[in-house]
Amino acid sequence: MYIVTAKEMYDIDHYTMLEVGMNGKILMENAGRAISEKVKGITKKADEIAILVGPGNNGGDGFVIGRTLLEEDYRVKVIQVVPDEKIKGDAAYHKDIYIQCGGDVSCAHSEGEMKNLLNESDIIIDAILGIGVHGRLREPISNWVNVVNHSNCCVISVDIPTGLPADEGIHDFIAVEADYTFIVGAVKESAFLNRTAPYYGNWEVVSIGFPKKALEKFSNRKVWSPEDFKKTMPKRDTFSHKGTHGRGLIIGGSAGMPGAIAMSVKAALRTGAGLITAGTVKSVFSTIAAYCLESMYTRLPDIDGFLVQDPSLELDKFDAIAIGMGMGRKDETKDLVVQVLEEADSPVIIDADGLYHLKSSLSILKKRQAQTILTPHPGEMAMLLDISISELSQSPFTYAARFAKEYGAYVVLKGKYTIITTPDGIQGVNCTGNQGLAKGGSGDVLTGITLGMVMQHKHVFHALCNACYLHGKAADLQVEDGHSYYDLMATDVIEGISKVYRTIS
């Protein structure tokens, strides 16, 4: 499932018509019919369905939906919210067919007329405006949107709720608040932003015939699906041994925070890592041992229970390293983070307090030959970028790609929709997970899972996308199997990993 900006969607549309040779009228027919099938799944024939059509392709889709439902004996009325001269091209073609097939078109000239026309409706299909909106809606369209949002009807939007920006970075808008949105061809960036995602309601992408090569040509973003997870998870060879699946080092913990590294260690092993060594202060050993018997240990020097640089640390013994969880923010600890980044010739994953210590030494990332993976939450990402969380949340795709390119790092920007970005700008979005993950320790578990995945995959991007998928899906399955969003704990997520793996066995 590809993710696009408005421009990329137009490019895909034009390529499909001009290079592939598909007629725009056919694409509109396909869109209307595909959405009609989805509408039928959430409505009854007794429902009064009002289809609000505007200019452009969205309005044309609305006429096809009206004709398709009318032919199957649904109670349909089409309400045109713009003058006749605004209905042009392919939309006018499908309007004529709708009328020839017995459909009626009403026109709303005022807010009062619109309310009267919607008075007996159960369902509103919003086919007013699509991705071509620029700026805040003006009257009279803004009035129609207000009427829709204050109705008691179930609202279904075509492709995108009217008025909602398709792209990130736009915060001033008026838009339809849909219950369902059936997105045409490829999902838009705004479906994954905290500010705009709620307007979509429950959404689903419908295919209308855009060729895969067109989507691949113009989009470098995609949603990481269950099929992607199953397809890219490496098979474990019958004759493999513990060394085959990676020797990992996890550096973290402190006298006052022993649990973080313990969870990371167990999550890495549960994910499939062959051997995991915990590099931490001696006082944390007992906590890890009580929680995960399979862990090994290396004692690192400390000052007052906080880790410091260790000149004798043999980093070349490990296939991948994770650092940061529970290590605290003592100034002396920064030197250990710098040491690992400068000396390790294997992938390094930096999380939590490790990101804090990295802030003043970002230039080190540019010098590394091996992969560096950062796993920040929005607050940590904003700190690294020297911007506000609000600025970041408006344009997370852009900021993550900009940082990844500048520093040659992989970025796992955590959130409701986690965005995984490679140094060359390829992006994946993970949609698994739930609000039960909003607890301390969830990030520590993800770091452990990420380490385990990186050591098992040849392709780092696949490893990171699969780590995020596994983490979120484990939480989802635990909630399905008896936990609630309230009581779910990070340690429960670790126990849910096996349930996810059983879905691909």
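Predicted model: local features only at pLDDT ≥ 70, side-chain atom pairs only at ≥ 80, totals over all residues.

Trainee: What else describes the packing of H18 and H19?
Mentor: The distance. Their axes are 9 Å apart. H18 also passes H19 in a right-handed crossing.

Trainee: Which residues of H18 and H19 make the contact?
Mentor: H18 gives Ser442, Val445, Leu446, Ile449, Thr450, Met453 and Val454. H19 answers with Ala463, Leu464, Asn466, Ala467, Cys468, Leu470 and His471. Sorted by class, the contact of H18 with H19 has 10 nonpolar residues, 4 polar and no charged.

Trainee: What makes H2 oblique to H3?
Mentor: Same test, new value. The axes of H2 (residues 24-42) and H3 (residues 56-71) cross at roughly 55° and come within 8 Å. Roughly parallel needs under 35, and roughly perpendicular begins at 65. The crossing angle lies between those limits, so H2 is oblique to H3. The crossing of H2 and H3 is right-handed.

Trainee: Which residues in H2 meet which in H3?
Mentor: In H2, they are Met28, Glu29, Ala31, Gly32, Arg33, Ile35, Ser36, Val39 and Lys40. In H3, they are Asn57, Gly60, Asp61, Val64, Ile65, Arg67, Thr68 and Leu69. By class, this contact has 7 nonpolar, 5 polar and 5 charged residues.

Trainee: How many aromatic pairs does the count come to?
Mentor: The count is 10 aromatic pairs. One of them joins Phe192 and Tyr417.

Trainee: Why is the pair of Phe192 and Tyr417 called edge-to-face?
Mentor: Two checks. The centres must lie within 6.5 Å, and those of Phe192 and Tyr417 are 5.2 Å apart. Edge-to-face needs planes over 60 degrees apart, and here they are at 85°. Both checks pass, so the pair is edge-to-face.

Trainee: What does the pair of Phe192 and Tyr417 tie together?
Mentor: Phe192 lies in the loop between strand S8 (187-188) and helix H7 (197-200). Tyr417 lies in the loop between strand S19 (410-413) and strand S20 (418-421). The pair therefore ties together parts that are 225 residues apart in sequence. Phe192 and Tyr417 also belong to one aromatic cluster with Trp203 and Phe397.

Trainee: How do you know that Tyr417 is buried?
Mentor: Buried means under 20% relative accessible area. Tyr417 has 18%, so it counts as buried. Phe192 has 4%, so it is buried by this rule too.

Trainee: What makes Trp224 and Phe461 an edge-to-face pair?
Mentor: Their planes are 80° apart, and the limit is over 60. Their centres are 5.9 Å apart, inside the 6.5 Å limit. Trp224 sits in strand S10 (residues 221-224), and Phe461 sits in H19 (residues 460-480), 237 residues apart. Both Trp224 and Phe461 are buried.

Trainee: Why does Asp159 count as buried?
Mentor: Its relative accessibility is 8%, against a limit of 20%, so Asp159 counts as buried. It sits in the loop between strand S6 (154-158) and strand S7 (180-184).

Trainee: Why is Ala352 called buried?
Mentor: Its relative accessible area is 16%, again under 20%, so Ala352 is buried. Its phi is positive, near 50°, and Ala352 is not glycine. Its place is the loop between strand S17 (348-350) and helix H13 (353-358).

Trainee: Which residues of H15 are buried?
Mentor: In H15 (residues 378-385) they are Glu380, Met381, Ala382 and Leu384. Their cover includes H13, strand S18 (372-374), helix H16 (389-394), helix H17 (396-407) and S19.

Trainee: What share of the chain do buried residues make up?
Mentor: They make up 57% of the 505 residues. The chain has 20 helices and 21 strands.

Key:
Residues numbered from 1 in each chain as written. Heavy atoms only, no water. Axes fitted to C-alpha atoms, helices over the stretch in contact; angles between N-to-C directions. Helix = DSSP H or I, 4+ residues; strand = E, 2+ residues; numbered from the N terminus. Parallel < 35°, antiparallel > 145°, perpendicular 65-115°, else oblique. Left-handed = near helix turned anticlockwise from the far one by under 90°. Contact = heavy atoms within 4.5 Å. Nonpolar A, V, L, I, M, F, W, Y, C, P; charged D, E, K, R; others polar. Phe/Tyr/Trp six-rings, centres within 6.5 Å; stacked < 30°, edge-to-face > 60°. Buried < 20%, exposed > 50% of the residue type's maximum accessible area, 1.4 Å probe, protein only.
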